[in-house]
Amino acid sequence: MKQAPRFVILTLAAALTAAGITSAEALKTSEPALEMAQNPGWPEELTRTVNDAKAAYEHDRSIPPELAGQLTAAKEQLIGTARQRLTLKNDGGQTNAVSERDSLPPDWRFWAEVALLWNDSRLVDVLLDWTRAFPADIYDRRAYFELVAGALGSDQKQLLLERLASANRQGTEVLLGLMHNKGWLDPDQVGLWLVSYSGKPQGDGVLDYLVNSREGADLIRIYEGFELTKAQRRAVIQAALSRNVDKMTLEWVKNIAATESDPVIEQNIDQYLVLFHGDQEAAGRLYRSGERDGFVLPLNGRVEKVLADLYPSGNLAEGVRLYESIRGQSYFYWQDEATWYSPDGIDHEHPQQSIDRWLDFLTRYPNHPSADDAAYRLARCYQLTGDGENALYWLNRAVGLGDRDLGYDARGMLLFVLDVEMPGDKLAGVHTDRLPSWMKPWIEYSSAVETLRSGKYREAANALRAFIDAYGGQDLFSQAYAPRLTDGQSEFLLPQDKYPFWEHVRSQLVLAERMAKLAEEVEGAASPADKADRQYALAAAIYREPLLFYNHLWRGERQNFFWFGHIKEMEYYEPLDGYIGRFNHLFQAVDKFAAIDLQQASGNTAAKTLYSTALTYSKLSHYSTEVSFHLPGSKLNENVMKYAGQLVERYPDSELADDALMLMYYHSGDKKWLEQVVERYPGGDQVDEAKRVLEELAAKGAVSNGAVSPRVYHGYGVRYEDLQIDDPRLPETIKSWLEEHRGKAYHGTMTEGDWVYALISADEGNVIPYLAIESENFRTMVMSEQKAWEEGSKLPRMRLARVKANFVHDGEWIWQAGR
């Protein structure tokens with residue numbers, strides 16, 4: 001699976017000094033940097049040591065030995081701060097799941113790393129406080145174990161035992177792990193705790209410890225020897241199947257599957273037996289259970305194929321064949337030699353015609369393991385036809401259908417529909433009475449956010465206030481995500497469950513009111529020049545607020561879904577184009593800067609506006625790849641050069657002119673802009689930086705020939721749509737153009753409305769495997785390839801694509817064969 005990369009904002013150190021937009025604001029990253037220490041009680045040298053250590057830790061998650069030695073020597077001066085920064089505090093903040101949250105300061109990991117140097121028992125009490133509401137996710141457990149185990153004294157076993165009474169589920173598992181680490185854990189006592197804490201969080205924590213640290217015979221004894229809840233029995237079976245299954249355990253689980261009434265346990269075991277042992281008896285039992293109860297666990301594709309082959313006339317196999325006929329691809333994707341599942345299909349190419357067919361599938365095969373997939377694809381068909389309400393309905397249904405392995409995708413796509421595909425007018429038309437009750441406040445909040453994005457700040461503030469008055473403090477999420485909390489799953493809070501939703505919404509209200517005040521000041525300006533100043537203030541305020549237009553229903557997970565939900569891999573998608581323009585505060589700021597009449601503005605405001613516009617495009621060029629749905633990276637670079645160049649040309653005496661030249665260098669790589677800084681602005685604040693870079697270039701033997709070669713940053717290309725030659729959306733003019741060149745060797749473009757169409761027709765006897773649109777050196781380029789037609793080939797003789805006209809550079813296109 002792909003890893004979602006962190007945002008990388010390249011440092012434009014010399015350039016980011018715009019009036020009204022500071023370097024620090026321009027270089028904000030997706031995660032806050034560690035706070036620098038400012039303890040007035042420390043000597044200056046110690047403050048510098050702590051800050052240097054923090055910077056080093058933030059960079060590579062370790063403290064250099066020399067700094068570690070200095071921090072060790074200063075332990076007595078630092079331990080009070082370490083205790084404070086490692087103390088779990090209830091800050092009264094409201095999350096989506098609980099009314100108050102326990103949290104740690106943002107730099108706690110650094111102080112934990114420092115504390116590991118000391119192994120000081122004075123830290124034990126604050127660290128053990130974590131066990132009442134364990135704040136760190138599971139990936140932090142190792143560091144926590146090391147820290148506490150090192151600090152615990154040999155006589156502090158009783159301290160751990162006392163903490164069990166107040167521990168939560170995760171904290172209990174941690175405490176038992178610490179006792180085991182110190183050699184203090186009595187196995188008989190663990191069994192007693194499992195009984196005495198039954199029905200309490202500690203009981204689940206004890207079982208979690210056992211299933212994560214035992215196997216084979218031990219797990220059998222736990223299952224057979226204790227009165228466990230249904231969820232606990234399922235957890236033990238899952239643990240037994242996840243370990244090294246010896247002969248005794250294998251026979252044991254076989255006997256359980258043959259007599260078990262719980263379909264989750266039976267199907268879990270039988271899938272294992274079929275997949276790893278080819279057990280025909282288990283296959284028959286699994287098939288009958290699925291027909292009777294539905295498949296209540298995600299069904300392994302290879303197991304599903306075995307069952308379909310064993311019962312070719314059964315509902316499972318019949319449903320597979322119907323599914324394949326609707327989608328137009330193999331149900332078992334590896335049979336098409338695919339290495340990864342692809343969501344493509346003819347149903348999405350012809351969504352309107354496919355809607356009735358998917359509805360028929362769900363009527364005929366409601367318990368089919370792919371019923372969730374069918375509901376999801378049906379919802380996507382509704383999306384593609386612009387019917388957001390039905391898309392919401394079926395995405396919600398998909399979560400609880402079939403083998404229920406699409407929860408993440410369906411919930412993510414539901415938010416995608418709400419946030420991306422349904423601007424204010426569409427949200428207003430949704431009939432919430434046919435949707436689940438938890439969706440009503442989601443729609444109301446999303447509507448308020450869309451009002452904010454449309455620039456109606458006062459109206460948005462009123463809507464956000466009404467939303468808070470109606471629902472403030474309520475849990476808006478547990479019902480929506482309830483299907484993931486089935487009995488068989490051990491429940492740990494995910495990071496988004498701790499997201500301070502209501503805090504963010506209240507902050508958003510404050511921002512909306514601030515923007516409303518600034519917008520009203522624009523309307524009440526005393527003169528054209530005053531209006532320009534106030535417009536600039538509004539645009540700069542929007543620039544500084546990355547969460548201003550964010551829909552907090554995502555709870556910080558939007559970027560993750562855009563990666564793992566394959567959104568960023570999509571070809572051009574018009575709703576996403578519009579969304580990025582509405583949601584992204586930088587594009588919103590660009591629009592506000594563009595609304596300023598430079599002729600009416602003072603020289604200073606006009607120069608600031610041009611520089612801030614260039615700077616905003618610069619920041620966008622280093623943003624996430626999603627930006628390219630609204631404007632390609634090459635066009636962003638082009639705009640940086642355009643507006644920075646206008647500033648230098650129109651306001652050469654501005655104090656920002658040398659900053660603009662530096663920005664032009666960073667976006668072209670052409671050192672002539674550095675030379676101009678030195679020649680034209682020898683007294684400016686950028687001359688030293690320009691000289692430094694020129695010296696570095698000279699040492700590398702760089703030359704200046706005047707050619708501009710814009711940097712194309714990773715992840716940016718040109719988003720376009722591949723089209724079928726018979727696409728029903730094609731205008732008549734494009735259809736006639738295609739007919740004119742059918743069967744003839746040709747390549748060319750035609751503009752129709754907001755689109756530019758690119759066509760390649762192969763030489764006689766050839767086919768075209770691919771067509772790709774890119775950009776290079778401020779020119780639009782088409783890459784393609786031709787090869788001889790072979791018997792049975794499905795490759796086309798004509799390829800057609802379209803790209804938004806504002807994505808295309810001026811001048812002739814480049815047509816390049818091969819790579």
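Residues are numbered from 1 along each chain as its sequence is written, and side-chain values use heavy atoms, with hydrogens and water left out. In this predicted model, local features need pLDDT of at least 70 and side-chain atom pairs count only at pLDDT 80 or more, while totals for chains, interfaces and linings use all residues.

Q: Why are helix 22 and helix 23 called roughly antiparallel?
A: The axes of helix 22 (residues 388-399) and helix 23 (residues 407-421) cross at roughly 165 degrees and come within 9 Å. Axes are lines fitted to C-alpha atoms, for helices over the stretch in contact, and angles run from 0 to 180 degrees between N-to-C directions. Angles under 35 degrees count as roughly parallel, over 145 as roughly antiparallel, 65 to 115 as roughly perpendicular and the rest as oblique. Helix 22 and helix 23 are therefore roughly antiparallel. Their crossing is left-handed (the near helix is turned anticlockwise from the far one by less than a right angle).

Q: What makes the contact of helix 22 with helix 23, by class?
A: Contact means heavy atoms within 4.5 Å. Helix 22 brings residues including Leu392, Leu395 and Asn396, and helix 23 brings residues including Arg411, Met413 and Leu414. The classes are 10 nonpolar, 2 polar and 1 charged. Here Ala, Val, Leu, Ile, Met, Phe, Trp, Tyr, Cys and Pro count as nonpolar, Asp, Glu, Lys and Arg as charged, and the others, Gly among them, as polar.

Q: Why is Asn268 called buried?
A: Its relative accessible area is 18%. Buried means under 20%, exposed over 50%, and partly exposed in between, with a 1.4 Å probe and protein chains only. Asn268 is therefore buried. Asn268 sits in helix 15 (residues 263-277). Helices (H or I, at least four residues) and strands (E, at least two) are DSSP runs, numbered from the N terminus. Asn268 touches Ile237, Gln238, Leu241 and Leu297, leaving aside residues up to four places away in sequence.

Q: What makes Leu104 buried or exposed?
A: Leu104 has a relative accessible area of 16%, so Leu104 is buried. Leu104 lies in the loop between strand 2 (102-103) and helix 5 (108-118).

Q: What covers the buried residues of helix 7?
A: The cover includes helix 5, helix 6 (124-128) and helix 9 (169-182). Among the buried residues of helix 7 (residues 141-151) are Arg141, Tyr144 and Leu147.

Q: How do you know that strand 5 is mostly covered?
A: In strand 5 (residues 755-761), 7 of its 7 residues are buried. Trp755, Tyr757, Leu759 and Ser761 point one way, and Val756, Ala758 and Ile760 the other way. In a regular strand the side chains alternate between the two faces of the sheet.

Q: How do you know that strand 4 and strand 5 pair?
A: Two strands pair if DSSP finds at least two bridges between them. Strand 4 (residues 746-752) and strand 5 have 7 bridges, in the antiparallel sense. One of the partners is Leu759, for Gly748.

Q: Why are strand 3 and strand 4 called edge strands?
A: The open sheet has 4 strands in the order 3-8-5-4, with antiparallel pairing. Strand 3 (721-723) and strand 4 each pair on one side only. Helix 37 (residues 732-741) packs on this sheet, touching strand 4, strand 5 and strand 8.
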